[in-house]
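The following exercises ask the student to read a protein model step by step. Each task is followed by a worked solution.

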Amino acid sequence: MNSLSYISTRGLAPALDLRGATMAGLAVDGGLYVPAAWPSFSASDIAAMKGKPYAEIAQRVLSPFVEGVIAPQDLRRLIDTAYASFADPSVVAPLKQLDDKLWILELFHGPTLAFKDVALQLLGGMFEHFLSASGERMTVIGATSGDTGSAAMAALAGRRNVDVFILYPDKGPSEIQRKQMTCMEAPNVHAMAVEGSFDDCQATVKALFNDQALRAKYKFAAVNSINLMRILAQVVYYFAAVSAFEGKQVSFVVPSGNFGNVFAGYAAKRCGVPIAKLAVASNSNDILTRFFASGRMKGEGVHATLSPSMDIQISSNFERLLFDLCGRDAASLRAMMEAQKSCGTFEVTLEQLATARQTFTAACADDELTLKTIADVHKQCGMILDPHTAVGVAAARQLASELPEPVVCLATAHPAKFPDTVRKAIGTAPALPPFVEAQMSRPERTALLPPTAEAVMGYIAPKVKV
């Protein structure tokens with residue numbers, strides 16, 4: 001079997017193999033990589049995963065994506081190493097029942113207590129694997145609204161031939177989220193506060209990637225969910241969760257900002273996983289909820305909320321879904337992206353919206369409902385939710401009549417990362433694990449920069465070997 005080919009959503013960049021797509025992150029035409037065709041898994045393939053260790057499920061799911069690029073024994077070594085630091089490496093993502101209809105998939109048992117660890121610990125190992133084979137260096141640049149930055153830094157800290165620079169909004173992340181980045185001691189990782197929103201950080205990163213001379217000189221690579229390998233690593237836990245339900249169609253509710261986590265669910269469905277519905281859960285920055293109601297994508301400015309990782313109005317990964325809604329017509333996709341860039345909005349056809357609604361639905365929860373949901377769930381069963389997961393549970397309850405059961409809500413972060421919010425909801429906050437608490441006491445290292453590519457590159461350039 002030949003290795004899969006990966007193509008750009010915008011159709012003007014060459015197709016690459018997995019190594020090329022992973023190392024590039026963003027395509028040279030500004031598009032995002034997707035498989036030219038999705039591999040197919042049968043019902044018996046998925047049923048055979050029930051009860052298997054997470055690493056074995058990951059190997060089975062990722063093998064067709066990496067075939068011809070990463071040898072089977074190397075893939076298993078990378079997977080085992082990635083999840084060795086998780087609370088239970090054999091499980092990685094435990095599934096817990098909240099009530100008779102709703103289950104919680106806990107994705108926060110990695111080194112930075114957020115779902116981003118599941119993908120980034122593996123991506124970090126893959127970067128090192130590819131670089132060791134070629135002898136190259138690379139410069140990782142990423143934007144974070146909260147958890148991606150610390151997860152990327154933890155995954156790449158101390159790795160040879162990699163320099164890491166993470167941009168975050170100066171008033172966005174919680175104190176713990178910020179300190180998980182700024183208190184990291186490895187000399188090859190750097191956190192930079194940007195005067196603005198996550199969208200400003202993301203736009204700056206994209207501007208740097210679109211400067212082809214800089215990109216070639218510094219060997220830019222991406223760790224945001226624009227990097228397809230991150231999405232593929234996240235596909236695994238949809239397989240693992242569904243396998244537990246013995247062939248039933250499962251609905252998933254996904255707290256969403258940049259659309260990467262829920263797109264991984266869509267990818268799993270394209271591969272044959274029996275997913276009935278994917279519910280997009282948003283906070284009051286509800287651009288995605290409004291899209292699935294109207295077919296129009298239009299930002300309205302970013303508002304600070306109690307769930308900061310979702311304070312986003314430009315969901316980069318939505319382009320991957322839009323590509324399929326356009327029938328994989330790259331020219332149509334480019335026109336929509338140009339409309340968004342020039343006018344701040346675009347609209348899909350009624351037929352495209354109807355196609356999207358066959359798989360997706362959406363709901364939102366403001367801060368008041370977020371706090372109420374945390375309190376209600378704690379009173380109901382003693383479980384403590386972080387604010388992002390609470391948005392998901394609130395959305396699941398709003399959409400109960402639309403979602404075939406069983407329903408699984410993705411729990412995206414440990415509640416101890418948001419002590420002020422949890423305390424406001426239930427009067428107390430869970431303690432941080434000791435290894436995270438120890439990190440919080442280290443000195444912070446950061447820089448405050450304006451949201452321009454020139455300012456950010458002025459900070460990066462002296463710190464990188466080229």
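**Exercise 1. Determine which helix contributes most to the lining of the second largest cavity, and describe that cavity.**

Solution. 
Step 1. Helix 8 gives the most to the lining of the second largest cavity, namely 4 residues. The model under study is a predicted one.
Step 2. The residues that line this cavity are Leu-26, Ala-143, Gln-202, Val-205, Lys-206, Phe-209, Asn-224 and Ile-226.
Step 3. Sorted by class, the lining of the second largest cavity comprises 5 nonpolar, 2 polar and 1 charged residues.
Step 4. The space within the second largest cavity is about 60 Å³.

**Exercise 2. State how many cavities of 30 Å³ or more a search of the whole structure finds, and describe the largest cavity.**

Solution. 
Step 1. The search finds 3 cavities of 30 Å³ or more.
Step 2. The largest cavity has a volume of about 280 Å³. It is lined by 25 residues, and Phe-115, Lys-116, Gly-257, Asn-258 and Ser-309 are the closest to its centre.
Step 3. Strand 9 (250-255) and helix 11 (260-270) each supply at least two residues of the lining of the largest cavity. Helix 11 gives the most, with 3 residues.
Step 4. The lining of the largest cavity is made up of 9 nonpolar, 13 polar and 3 charged residues.

**Exercise 3. Describe the largest pocket by its volume, its lining and the classes of its residues.**

Solution. 
Step 1. The volume of the largest pocket is about 740 Å³.
Step 2. The lining of the largest pocket consists of 25 residues; Arg-10, Lys-206, Met-337, Gln-340 and Lys-341 lie nearest its centre.
Step 3. At least two lining residues of the largest pocket come from each of helix 8 (198-210), helix 13 (318-325) and helix 14 (330-343). Helix 8 gives the most, with 6 residues.
Step 4. By class, there are 8 nonpolar, 9 polar and 8 charged residues in the lining of the largest pocket.

**Exercise 4. Describe the second largest pocket in terms of its space and the classes of its lining.**

Solution. 
Step 1. The second largest pocket holds about 300 Å³ of space. Its lining has 20 residues, and the closest to its centre are Met-23, Ala-24, Arg-215, Lys-219 and Phe-220.
Step 2. Helix 1 (18-24), helix 9 (212-218) and strand 8 (220-222) each supply at least two residues of the lining of the second largest pocket.
Step 3. The lining of the second largest pocket divides into 14 nonpolar, 1 polar and 5 charged residues.

**Exercise 5. Explain why strand 5 is largely enclosed by the rest of the structure, and state which strands pair with strand 5.**

Solution. 
Step 1. A residue counts as buried when its relative accessible area is under 20%. In strand 5 (residues 138-143), 6 of the 6 residues are buried, so strand 5 is largely enclosed by the rest of the structure.
Step 2. In a regular strand, side chains alternate between the two faces of the sheet. In strand 5, Met-138, Val-140 and Gly-142 point one way, Thr-139, Ile-141 and Ala-143 point the other way, and all are buried.
Step 3. Strand 5 pairs with strand 6 (residues 162-169) in the parallel sense over 6 bridges, and Thr-139 stands opposite Asp-163 in strand 6. Strand 5 also runs parallel to strand 8, joined by 3 bridges, with Val-140 opposite Ala-221.
Step 4. Together with helix 6 (residues 148-156), strands 5 and 6 make a right-handed β-α-β unit.

**Exercise 6. Give the order of the strands in the open sheet of 5 strands, and explain which strands stand at its edges.**

Solution. 
Step 1. The order is 8-5-6-7-15, with parallel pairing.
Step 2. Strand 8 and strand 15 (447-449) each have a single partner strand and therefore stand at the edges, with one side of each left without a neighbour in the sheet.
Step 3. From one strand to the next, the twist averages 30°.

**Exercise 7. Locate Asn-161 and Glu-246, and state whether each is buried, partly exposed or exposed.**

Solution. 
Step 1. Most residues other than glycine have a negative phi. Asn-161, however, has a positive phi of about 65°, and Glu-246 has a positive phi of about 50°.
Step 2. Asn-161 lies in the loop between helix 6 and strand 6. Glu-246 lies in the loop between helix 10 (228-243) and strand 9.
Step 3. With a relative accessible area of 26%, Asn-161 is partly exposed. Glu-246 has a relative accessible area of 63% and is exposed.

Notes. Residues are numbered from 1 along each chain as its sequence is written. This is a predicted model: local features need pLDDT of at least 70, side-chain atom pairs count only at pLDDT 80 or more; totals for chains, interfaces and linings use all residues. Side-chain values use heavy atoms; hydrogens and water are left out. On a 1 Å grid over the protein atoms alone, a cavity is a set of points where a 1.4 Å probe fits but cannot get out, and a pocket is an open set with protein on both sides within 12 Å along at least five of seven lines; lining residues have an atom within 4 Å of a point. Grid points are joined across faces, edges and corners, and a volume is the space filled by probe spheres set on the points. Ala, Val, Leu, Ile, Met, Phe, Trp, Tyr, Cys and Pro count as nonpolar, Asp, Glu, Lys and Arg as charged, and the others, Gly among them, as polar. Buried means under 20% relative accessible area, exposed over 50%, partly exposed in between (1.4 Å probe, protein chains only). Two strands pair if DSSP finds at least two bridges between them. A crossover is right-handed if, with the strands pointing away from the viewer, the path from the first strand over the helix to the second runs clockwise. Axes are lines fitted to C-alpha atoms, for helices over the stretch in contact, and angles run from 0 to 180 degrees between N-to-C directions.
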